[in-house]
Amino acid sequence: MIRNLAQGIRVFTSNAFLVDGETTALVDAGANFDVVPKIREFTDSLDAVYLTHTHPDHIGNVDAVRDAFDVQTWGYDTGNLAVDKRIDDGERIQIGDDVYEAVHTPGHKDDHLCFFSRGAGVCFAGDLVFANGGFGRTDLPEGDRGALVESIDRLHEIVGDDLTELHTGHGPSVTTRPKDDIDLAAKAARTR
Ligand SMILES: [Zn+2]
């Protein structure tokens, strides 16, 4: 089961997805709200925290989650203090009941990863794309529109026709033809 613990929270935070099953993991930690009791509503232990990237709104709660659950964090760049363990492009990780492939997708930030499970049809897209053709901003440090477009195209190709659920770093998840939303984002990022 995938739950967005940041749902309905009105502060500057990313979404934070608690995924349970064979392993229990948090995908992005969120920021500026107390995520620990929200995790405890569903589980007493966490096996891992996976970070799509290390912007403050995604990692602000990392220390609180580490302290409360004695858990390590995984991401692309261990040079960032929020990341304990490195995940490479193409590496496979277990989240909940499913195996996900990490897809390095720079453009919004250099260390950005998406996580895609072909078996489950689920993608955690971080701040690469959002519902209705939204896409990650590229006006911050490390932002690069050309790289973002390439990353969206790459994700689009990798998910193929196997995507049924798109969970993004901000805003609502997409469960109706989510590949169309990636398609729209690819077009919008080229023109806007
Ligand atoms: Zn971001």
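Start by selecting the hairpin of S9 and S10: four residues lie between the strands, and Gly121 takes a positive phi near 75° there. Strands (E, at least two residues) and helices (H or I, at least four) are DSSP runs numbered from the N terminus. The model is predicted, so local features need pLDDT of at least 70 and side-chain atom pairs count only at pLDDT 80 or more, while totals for chains, interfaces and linings use all residues. Residues are numbered from 1 along each chain as its sequence is written, and side-chain values use heavy atoms, with hydrogens and water left out.

**The strands around the hairpin**

Keep S9 and S10 selected. They run antiparallel and are joined by three bridges; strands count as paired if DSSP finds at least two bridges between them. Phe116 stands opposite Cys123 in S10.

Now show the side chains of S9 (residues 113-117). Five of its five residues are buried, meaning under 20% relative accessible area, against over 50% for exposed and partly exposed in between (1.4 Å probe, protein chains only). Leu113, Phe115 and Ser117 point one way from the strand, Cys114 and Phe116 the other way.

Move to S11, residues 165-168. S10 and S11 pair in the parallel sense over four bridges, and Cys123 stands opposite Leu166 in S11. From S10 the chain crosses through H4 to S11, a right-handed β-α-β crossover: with the strands pointing away from the viewer, the path from the first strand over the helix to the second runs clockwise.

**The zinc site**

Select the zinc ion and its donors: His53 (NE2), His55 (ND1), His108 (NE2) and Asp127 (OD), at 2.2 to 2.4 Å. Donors are N, O and S atoms within 2.8 Å of the metal (3.2 Å for Na, K and Ca), and water is not among the atoms, so sites may look incomplete. The spacing of the donor residues in sequence is H-x1-H-x52-H-x18-D. His53 lies in the loop between S4 (48-50) and H2 (56-59), and Asp127 in the loop between S10 (122-126) and H4 (145-159), so the pair ties together parts 74 residues apart in sequence. His53 is buried at 1% relative accessibility, and Asp127 is buried at 3%.

The angles among the four donor atoms are 86 to 172°, and the site is irregular. Four donors would be tetrahedral with all angles between 85 and 135 degrees; four would be square planar, and six octahedral, with opposite donors over 155 degrees apart and all others between 65 and 115; anything else is irregular.

**Salt bridges**

Next, select Asp161 and Lys179, whose side chains meet in a salt bridge (3.6 Å, N to O). The term requires a side-chain nitrogen of Lys or Arg within 4 Å of a carboxyl oxygen of Asp or Glu, and the count by this rule is 13. Asp161 lies in the loop between H4 and S11 and Lys179 in H5 (residues 178-191), so this pair links parts 18 residues apart in sequence. Asp161 is exposed at 72%; Lys179 is partly exposed at 24%.

Then take Asp183 and Lys187, with closest N and O atoms 3.5 Å apart. They are four residues apart in H5, about one helical turn.

Finish with Asp63, Arg66 and Asp84, which are linked in a network of salt bridges.
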